[in-house]
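Reader: Could you take a close look at one part of this model for me? I'd like to hear about the core and the rings in it.
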Amino acid sequence: MIIGILLSLNFNLAMAQDVTGDAAPQARIRIFGQNGKPTNMKYRFQGHVVKESTGGNMGGAFASMLGIARNSTIGIPATTTLETMKQHNHNLSKLYYREFTIPANIPITISNAIIGLTNVNNTHHDGKIINYQPSCQSNKLTFVAKPGKDYEAVAASTSAQCGVILLEVNADGSTTPLVNVEESADH
(Lines give C-alpha, C1' and ligand atoms only; values in the text may rest on other atoms or scores of the structure.)
Protein backbone atom coordinates (compact mmCIF):
# COMPACT_ATOMS: atom_id res chain seq x y z
CA MET A 1 0.00 0.00 0.00
CA ILE A 2 2.80 2.42 0.90
CA ILE A 3 4.55 1.72 -2.39
CA GLY A 4 1.28 2.36 -4.23
CA ILE A 5 0.88 5.74 -2.54
CA LEU A 6 4.45 6.75 -3.35
CA LEU A 7 4.09 5.63 -6.98
CA SER A 8 0.84 7.59 -7.23
CA LEU A 9 2.64 10.70 -5.99
CA ASN A 10 5.33 10.34 -8.65
CA PHE A 11 2.70 9.86 -11.37
CA ASN A 12 0.77 12.94 -10.20
CA LEU A 13 3.98 14.97 -10.13
CA ALA A 14 4.82 13.98 -13.70
CA MET A 15 1.29 14.90 -14.81
CA ALA A 16 1.52 18.30 -13.08
CA GLN A 17 4.83 19.11 -14.74
CA ASP A 18 3.51 18.28 -18.21
CA VAL A 19 0.12 19.97 -17.91
CA THR A 20 1.22 23.25 -19.50
CA GLY A 21 2.17 21.81 -22.91
CA ASP A 22 5.10 22.88 -25.05
CA ALA A 23 3.49 25.76 -26.99
CA ALA A 24 2.40 27.93 -24.02
CA PRO A 25 4.86 30.32 -22.33
CA GLN A 26 6.02 28.80 -19.04
CA ALA A 27 7.57 29.63 -15.70
CA ARG A 28 8.61 27.43 -12.76
CA ILE A 29 7.75 27.45 -9.07
CA ARG A 30 9.05 25.71 -5.95
CA ILE A 31 6.56 25.11 -3.13
CA PHE A 32 7.37 23.71 0.30
CA GLY A 33 5.37 21.36 2.47
CA GLN A 34 5.60 19.48 5.70
CA ASN A 35 3.43 17.09 7.67
CA GLY A 36 0.65 19.32 9.02
CA LYS A 37 1.88 22.35 7.03
CA PRO A 38 0.75 22.09 3.40
CA THR A 39 1.21 24.69 0.68
CA ASN A 40 -1.46 24.70 -2.03
CA MET A 41 -1.35 25.97 -5.61
CA LYS A 42 -4.32 26.40 -7.94
CA TYR A 43 -4.84 27.82 -11.43
CA ARG A 44 -7.05 27.46 -14.48
CA PHE A 45 -5.37 26.43 -17.73
CA GLN A 46 -6.94 25.41 -21.05
CA GLY A 47 -10.36 24.98 -19.43
CA HIS A 48 -9.11 22.80 -16.55
CA VAL A 49 -8.54 23.67 -12.91
CA VAL A 50 -5.13 22.45 -11.77
CA LYS A 51 -4.60 21.93 -8.04
CA GLU A 52 -1.33 20.88 -6.45
CA SER A 53 -0.38 20.54 -2.82
CA THR A 54 2.95 19.87 -1.18
CA GLY A 55 2.60 18.41 2.30
CA GLY A 56 -1.17 18.24 2.11
CA ASN A 57 -1.90 14.77 0.78
CA MET A 58 -1.78 11.42 2.53
CA GLY A 59 1.36 10.17 0.80
CA GLY A 60 3.28 13.41 1.35
CA ALA A 61 2.26 13.62 5.00
CA PHE A 62 3.24 9.98 5.54
CA ALA A 63 6.64 10.48 3.88
CA SER A 64 7.23 13.67 5.89
CA MET A 65 6.29 11.89 9.12
CA LEU A 66 8.75 9.07 8.43
CA GLY A 67 11.46 11.52 7.35
CA ILE A 68 11.67 9.98 3.87
CA ALA A 69 10.04 12.84 1.93
CA ARG A 70 12.18 13.62 -1.08
CA ASN A 71 12.61 16.94 -2.80
CA SER A 72 11.47 17.03 -6.40
CA THR A 73 13.44 19.41 -8.60
CA ILE A 74 13.28 20.51 -12.22
CA GLY A 75 16.26 22.85 -12.04
CA ILE A 76 15.27 26.03 -10.18
CA PRO A 77 18.50 27.51 -8.74
CA ALA A 78 19.22 26.80 -5.05
CA THR A 79 18.33 29.61 -2.65
CA THR A 80 19.10 30.36 1.00
CA THR A 81 15.75 28.73 1.85
CA LEU A 82 17.17 25.38 0.73
CA GLU A 83 20.26 25.93 2.89
CA THR A 84 18.13 26.43 6.02
CA MET A 85 15.51 23.72 5.42
CA LYS A 86 16.79 21.35 8.11
CA GLN A 87 16.14 24.01 10.77
CA HIS A 88 12.40 23.55 10.14
CA ASN A 89 12.33 19.78 10.65
CA HIS A 90 10.55 18.50 13.76
CA ASN A 91 9.80 15.10 15.22
CA LEU A 92 7.67 13.22 12.69
CA SER A 93 7.73 16.15 10.25
CA LYS A 94 10.36 16.78 7.57
CA LEU A 95 10.22 19.90 5.38
CA TYR A 96 10.47 19.16 1.65
CA TYR A 97 9.70 20.84 -1.66
CA ARG A 98 8.38 20.13 -5.12
CA GLU A 99 9.09 22.16 -8.24
CA PHE A 100 6.53 22.61 -11.01
CA THR A 101 6.35 24.03 -14.49
CA ILE A 102 3.45 26.49 -14.53
CA PRO A 103 1.83 28.47 -17.33
CA ALA A 104 2.94 32.09 -17.59
CA ASN A 105 0.59 35.05 -18.03
CA ILE A 106 -2.33 33.56 -16.06
CA PRO A 107 -3.30 33.98 -12.38
CA ILE A 108 -1.74 31.42 -10.03
CA THR A 109 -3.10 31.22 -6.45
CA ILE A 110 -0.94 30.05 -3.53
CA SER A 111 -1.96 29.47 0.10
CA ASN A 112 -0.73 27.49 3.05
CA ALA A 113 -2.02 26.19 6.35
CA ILE A 114 -1.02 24.77 9.69
CA ILE A 115 -3.14 21.79 10.66
CA GLY A 116 -2.88 21.40 14.41
CA LEU A 117 -3.55 18.09 16.09
CA THR A 118 -5.92 17.41 18.96
CA ASN A 119 -4.53 15.14 21.66
CA VAL A 120 -6.90 13.46 24.12
CA ASN A 121 -5.45 11.84 27.23
CA ASN A 122 -7.67 9.85 29.56
CA THR A 123 -7.03 10.28 33.25
CA HIS A 124 -7.40 7.55 35.85
CA HIS A 125 -10.58 9.20 37.25
CA ASP A 126 -12.65 8.94 34.04
CA GLY A 127 -11.62 12.44 33.04
CA LYS A 128 -9.93 13.69 29.90
CA ILE A 129 -7.24 16.21 29.20
CA ILE A 130 -7.57 17.68 25.73
CA ASN A 131 -4.72 19.63 24.13
CA TYR A 132 -5.31 21.57 20.93
CA GLN A 133 -2.42 22.63 18.73
CA PRO A 134 -2.94 25.87 16.84
CA SER A 135 -4.36 25.74 13.31
CA CYS A 136 -4.69 28.41 10.65
CA GLN A 137 -5.27 29.01 6.95
CA SER A 138 -3.36 31.78 5.18
CA ASN A 139 -4.84 34.36 2.87
CA LYS A 140 -4.67 33.39 -0.78
CA LEU A 141 -1.88 35.04 -2.72
CA THR A 142 -2.47 35.46 -6.45
CA PHE A 143 0.20 36.38 -8.99
CA VAL A 144 0.83 36.21 -12.72
CA ALA A 145 4.04 34.38 -13.58
CA LYS A 146 6.28 35.92 -16.22
CA PRO A 147 7.59 33.65 -19.00
CA GLY A 148 10.95 32.05 -18.23
CA LYS A 149 11.01 33.21 -14.59
CA ASP A 150 11.47 31.06 -11.48
CA TYR A 151 9.55 31.53 -8.23
CA GLU A 152 9.56 30.19 -4.69
CA ALA A 153 6.58 30.23 -2.31
CA VAL A 154 7.90 30.34 1.24
CA ALA A 155 5.84 29.97 4.41
CA ALA A 156 5.97 33.08 6.53
CA SER A 157 4.63 31.45 9.65
CA THR A 158 5.27 30.77 13.27
CA SER A 159 3.64 28.01 15.25
CA ALA A 160 0.34 29.91 15.48
CA GLN A 161 0.21 32.06 12.32
CA CYS A 162 0.04 31.33 8.62
CA GLY A 163 1.29 33.33 5.73
CA VAL A 164 2.98 32.86 2.40
CA ILE A 165 5.63 35.00 0.71
CA LEU A 166 6.37 34.81 -2.99
CA LEU A 167 9.95 35.28 -4.15
CA GLU A 168 11.36 35.54 -7.64
CA VAL A 169 14.44 33.32 -7.90
CA ASN A 170 17.30 34.81 -9.90
CA ALA A 171 19.78 32.73 -11.92
CA ASP A 172 22.44 33.09 -9.18
CA GLY A 173 20.06 31.79 -6.48
CA SER A 174 19.40 35.19 -4.96
CA THR A 175 15.75 36.08 -4.43
CA THR A 176 13.59 39.17 -4.81
CA PRO A 177 10.32 39.46 -2.84
CA LEU A 178 7.37 40.20 -5.13
CA VAL A 179 5.13 43.08 -4.21
CA ASN A 180 2.78 42.99 -7.20
CA VAL A 181 0.72 40.13 -5.81
CA GLU A 182 -2.89 40.22 -4.71
CA GLU A 183 -3.99 38.82 -1.36
CA SER A 184 -7.52 37.75 -0.54
CA ALA A 185 -9.01 36.39 2.65
CA ASP A 186 -11.56 34.09 1.00
CA HIS A 187 -10.59 30.47 1.38
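Is tyrosine 151 buried or exposed, in terms of relative accessibility?

Author: Tyrosine 151 counts as buried because its relative accessibility is 2%; buried means under 20% relative accessible area, exposed over 50%, partly exposed in between, with a 1.4 Å probe and protein chains only. Before going on, a word on the ground rules: this is a predicted model, where local features need pLDDT of at least 70 and side-chain atom pairs count only at pLDDT 80 or more, while totals for chains, interfaces and linings use all residues. Residues are numbered from 1 along each chain as its sequence is written, and side-chain values use heavy atoms, leaving out hydrogens and water.

Now the ring partner. Tyrosine 151 forms a tilted aromatic pair with phenylalanine 143, 5.1 Å centre to centre and 55° between the planes. Rings of Phe, Tyr and Trp (its six-membered ring) pair if their centres lie within 6.5 Å; planes under 30 degrees apart are stacked, over 60 edge-to-face, and the rest tilted. The whole structure has 2 aromatic pairs.

Phenylalanine 143 counts as buried too, because its relative accessibility is 3%. Phe143 is also among the residues with the most contacts inside the largest nonpolar core, which has 20 residues. Such a core is a set of buried Ala, Val, Leu, Ile, Met, Phe, Trp, Tyr and Cys residues joined through side-chain atoms within 4.5 Å.

Isoleucine 108 touches (heavy atoms within 4.5 Å) Phe143, Met41, Tyr43 and Ile102, among others, not counting residues up to four places away in sequence. A second, separate core of 6 residues includes Phe32, Leu95, Val154 and Leu167.
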